[in-house]
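I opened this entry to note what I looked up, in the order I looked it up.

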Amino acid sequence: MTPLRRKLKAVMESGISDFRMIRPGDRIAVAVSGGQDSLALLNLLSDGFGFVTSDYSLLAVHVDMGFSQEEPSNGRVLEGHFRSMRVDYRIEKTAIADEVFSGRLRKNPCFVCSLLRRKRLYEIADREGCNKIATGHHRDDIIDTLLLNILYGRKIGTLYPVQPIFRNRLTLIRPFVYIEEARIKRFAGESGLPLLPRLCPQDGSSRRATVKDLLRSLQRKEKHADLRGNVFKSLYHVELKSFQALTQGQDFT
Ligand code: SF4
């Protein structure tokens, strides 16, 4: 085991244990989009842990968006990868890409896209007898989502480490809650995980990408501050009194 793999497993265990993400007997659908985060998650979950329970089974699930330019399709590459890992898997071909990008221009295609993808994923996990769904969302996704919600959603909130969904039939878990994106990318490179082409025309111009750019440019000016770290830690220091004082007797909606 490489030092990086050992470190990531240890940090994952902290997150899994802190939020009681996995229980003995769980059947976990791992959402594999094809990005390095989800492939790294599947890889790291596949050989169990030292302290938290390893008594769980995995099902890799890929919802194929149906981008027409896929050749060879990412789904086919992933199928080969799942087989080489000897992991149980389901690959579902969909026409979500057509729905999201054809017809009248949508104001926010990412919103519709993730809604449709999530719905499909939940249906597959439920159908296949899973009680949990693990996603590769990491600490930076939590930070970006918090800022996205404030800047565009007019609310303060972010991704939950553990979240009951689908009328409580399933629980969403995010074992990378404490892990930074850069470390996951390094691990994916070191482990030789497949690097699939990004096929979405919206990729790189989404609001999420804008928030990432914003933080990057701020960080360049604040060389001695850990801005991302500060945003994450702010979630542990919420001054409820200041919200109450601000909103008392006033309706800001
Ligand atoms: S970038 Fe593309 S694939 Fe990702 S959520 Fe937006 S529309 Fe969907």
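**Loop residues with positive phi**

I started at Arg154, which is found in the loop between helix 6 (139-151) and strand 5. The model is predicted. Arg154 is not a glycine, yet I read a positive phi of about 55° for it. Most residues other than glycine have a negative phi, which is the reason I stopped there.

Arg167 sits in the loop between strand 5 and strand 6. Arg167 is exposed, and I have 8 other C-beta atoms within 10 Å for it.

**The hairpin**

I looked at the two strands on either side of Arg167. Strand 5 (residues 162-165) and strand 6 (residues 170-173) pair in the antiparallel sense, over four bridges. For Gln163, I found the bridge partner Leu172 in strand 6. The hairpin has four residues between the strands, and Phe166 in this hairpin takes a positive phi near 55°.

**Core and helix 2**

Next I asked which residues touch the most other members of the largest nonpolar core. They are Ala29, Val30 and Val61, in a core of 42 residues. Helix 2 (residues 36-45) gives the most to this core, with six residues.

I listed the contacts of Val61, leaving out residues up to four places away in sequence: Ala29, Val30, Ala31, Val32, Arg90, Leu121, Ile124 and Ala125.

I went back to helix 2 and found it mostly covered, with nine of its ten residues buried. Among the buried ones are Gln36, Asp37 and Ser38, as well as Leu39 and Ala40. The buried residues of helix 2 pack against helix 1 (3-18), strand 1 (26-31), strand 2 (56-64), strand 4 (132-134) and helix 7 (181-190).

**Ligand shell**

Last, I checked what surrounds the ligand. I listed Val100, Pro109, Cys110, Cys113, Ser114, Cys200, Gln202, Asp203 and Ser206. By class, I have five nonpolar, three polar and one charged residues in this shell. Which helix gives the largest share of the shell? Helix 5 (residues 109-127) does, with four residues.

How values were computed: Residues numbered from 1 in each chain as written. Predicted model: local features only at pLDDT ≥ 70, side-chain atom pairs only at ≥ 80, totals over all residues. Pairing = 2+ DSSP bridges. Near = placed C-beta within 6 Å. Nonpolar A, V, L, I, M, F, W, Y, C, P; charged D, E, K, R; others polar. Core = buried A, V, L, I, M, F, W, Y, C linked by C-beta atoms within 7 Å. Buried ≥ 20, exposed ≤ 12 C-beta atoms within 10 Å, placed from the backbone. Contact = placed C-beta atoms within 7 Å.
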